[in-house]
Each structure stands twice: as structure tokens, then as C-alpha cells.
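Subject: A structure for you to explore

Hello,

Here is the structure I promised to pass on to you. Please open it beside this email and follow along as you read.

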Amino acid sequence: MKFGINVWSYPKSLPLEEAMTHAASTGYDAFEVALTSEDWEHWGSPGWIKKWEAVKERSKELGISIPSIATGLFWQFNLLTQPQDALKVVRMECEAAELLGAKLILVVPGVGVPELPYREHIKQAAMVLKEAGKLAAAHGVFIGLENVWNRVFAGPLEFEMLLDEVGHERVGAYLDVGNVLPHSLPEHWIEVLDKRIFQIHVKDYSVAKGIFGIPLSGDINWSNVRRALAKANYNGYVVCEVPPYPGDAYQAAEDTRNALRKVFGQ
């Protein structure tokens, strides 16, 4: 099992190269980048291409891989109500993945809306995700659907139904173990989704305080998570996505790496 860190685990003001350098020196094997609205605006331009080529070169120099790409743009372009814009985001992620050599892109499978009957959410999302799967296949990448607080697909069985409806080998789950609380348990998600989990995000969540934090700081039973992942024979990347501390740009990333050593013994 290898451990990575998402760029959102560092302050937005911190330059990407500095975050990558710190991640490598802290002992992370991988770094997950994220596409922003600025990337959307400059997508495909010579400057945009040069930017990601430089990131790839820097990752090689640091000896840290870039296995995946995230983005918050699916909150702006709801896959359920703005499918064409959402597919453009998928295409942009695919092109960035090719430039970086990444093999997985993160996709939010829509945000629940009142004007659409609940059962129709699965059918509508699946229709769009089938097209997304075709795009991913054309670019040689995989799509990991992340479970988020999006008012739909909130349990592992619903998520399984969505994947069944999509029925594409390039589309699986990007399981965020912190996002399942307080309404379900991560070990149950791992049990149900099993081999359909393409990658893992880790962070903790305190139900009493209603806040996310580094592993071992909240209510997730990490022993159960570790056992469930072992039973599923998961050996992919475990990527932390934790909020940075307000007073230090780096300490949360360092504390998280130490917590992962205690959780997984690596």
C-alpha cells in the first residue's frame, strides 16, 4: 500500500511546487493535484499545457508520483442538471491526466436537486457517466466516483446501484472514508464496494464537533477500516485529504503521515 496527499491538504496560498516538495520530504509516495476554475478558463492553451508538463517534470525530480487528479468543479457544474458542462470537466481532467501520466480522475456523481424525482437521480447520473466512461477509455484513464455530502447516493448500497446502472469497467468508486460519517460506516462501504474501489481518500470526522481532521482525531474506527481494506485485498494508493491547520502550512500533513504509520504500520 502506498500513501499520498491531496493538494487541498495545504493552504491555497501555498505554491503547488512547495506543497509537492514538502510532501516528498515528509515521506509521501504520491501527490494528488486538483483542477480549478483557472484551469477551466485556460484549458488547452499553450500555457495550460506547459504548466502541467512542468508539474510532471518536478514530480520526477522529487521522486513522487501523481496517480490521480481531483477537482471541485463538479460542484459548479452539476452532473445531473448540467451534463454537457460536467462532461467537459471530465474531458479536461482526462487531458490533464495524459499530460501528468495520472491514471485516475475524481468525479462527483451529481448533487441532489428537488426538481428531479429521487429514483431518477440514478438513471440520470448513469446516463452521463456512461459517456464519461467512454471519454476515460479514449484517454486511457479510470474514473473514481467520490462519495460526498451531495444529498444523493448516501449509502453503500445506493452507490453500488449507481455503479451497476453505469456498468462501465472504467468507472468505479473513489471512497472517502471520512465523508461517510455521520450517516454510515466506512467499513460497510468497503465491504459492499470491494474490488470496485479504485482509490481511497482518508481523513477523520468528529460527529460531536461536526468537523473533519487528521486520522485518529475523530470517530472513525481505523482498526475496522484497516481490516476491511485487507479483506478486500486493497493495495492501491491511500491519499489523505485533510484540512490544513490555520497556524501552520505543513504540520497537518506531517501529523497525518505519522497517523497513517500508526493506522497501517507503514
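**What I found**

Sixteen residues line the second largest pocket, and by type they divide into nine nonpolar, three polar and four charged. Before you go further, please keep in mind that this is a predicted model.

**The two pockets**

Let's stay with the second largest pocket for a moment. About 290 Å³ of space lies in it. If you want to find its centre, look for Glu146, Val148, Asn179, Lys203 and Glu241, the lining residues that lie nearest to that point. Keep Lys203 in mind, as we will come back to this residue.

The largest pocket holds about 490 Å³ of space. Its lining is made of 19 residues, with Val7, Trp8, Lys12, Ala34 and Thr36 nearest the centre. Which elements give two or more residues to this lining? They are helix 1 (16–26), strand 2 (30–35), helix 2 and helix 3. Helix 2 has the largest share, with three residues. By type, the lining of the largest pocket has twelve nonpolar, three polar and four charged residues.

**The salt bridges**

Side chains of opposite charge can pair when their charged atoms come close. How many salt bridges does the structure hold? There are eight, and here are some for you to look up.

Start with Lys203, which pairs with Asp176; their closest N and O atoms are 2.6 Å apart. This pair links distant parts of the chain, 27 residues apart: Lys203 sits in the loop between strand 7 and strand 8 (204–206), while Asp176 belongs to strand 6 (residues 171–176). Are these two residues buried or exposed? Both Lys203 and Asp176 are buried.

Next, find Asp164 and Arg196, whose side chains meet in a salt bridge at 2.7 Å, N to O. Asp164 counts as partly exposed because its relative accessibility is 48%, which falls between the limits of 20% and 50%. Arg196 is also partly exposed, at 29% relative accessibility.

A further salt bridge joins Lys51 to Asp39, with 2.9 Å between the closest N and O atoms. Here too the pair links distant parts of the chain, twelve residues apart, with Lys51 in helix 3 (residues 46–62) and Asp39 in helix 2 (residues 37–42). Lys51 has a relative accessible area of 34%, so it is partly exposed. Asp39 is at 2%, and because that is under 20%, Asp39 counts as buried.

Finally, look for a group of three: Glu17, Arg58 and Glu61 are linked in a network of salt bridges.

**Helix 4**

To finish, have a look at helix 4, which runs over residues 83–100 and has 18 residues. From its first C-alpha to its last it reaches 25 Å, close to the 26 Å expected at 1.5 Å a residue. Among the buried residues of helix 4 are Ala86, Leu87, Val89, Val90, Met92, Glu93 and Cys94. Further along, Ala96, Ala97, Leu99 and Leu100 are buried too. Just after helix 4 comes Gly101, which takes a positive phi of about 80°.

Enjoy looking around!

Best wishes

Methods:
Residues are numbered from 1 along each chain as its sequence is written. This is a predicted model: local features need pLDDT of at least 70, side-chain atom pairs count only at pLDDT 80 or more; totals for chains, interfaces and linings use all residues. Side-chain values use heavy atoms; hydrogens and water are left out. Helices (H or I, at least four residues) and strands (E, at least two) are DSSP runs, numbered from the N terminus. The expected span of a helix is 1.5 Å times one less than its number of residues. Buried means under 20% relative accessible area, exposed over 50%, partly exposed in between (1.4 Å probe, protein chains only). A salt bridge is a side-chain nitrogen of Lys or Arg within 4 Å of a carboxyl oxygen of Asp or Glu. On a 1 Å grid over the protein atoms alone, a cavity is a set of points where a 1.4 Å probe fits but cannot get out, and a pocket is an open set with protein on both sides within 12 Å along at least five of seven lines; lining residues have an atom within 4 Å of a point. Grid points are joined across faces, edges and corners, and a volume is the space filled by probe spheres set on the points. Ala, Val, Leu, Ile, Met, Phe, Trp, Tyr, Cys and Pro count as nonpolar, Asp, Glu, Lys and Arg as charged, and the others, Gly among them, as polar.
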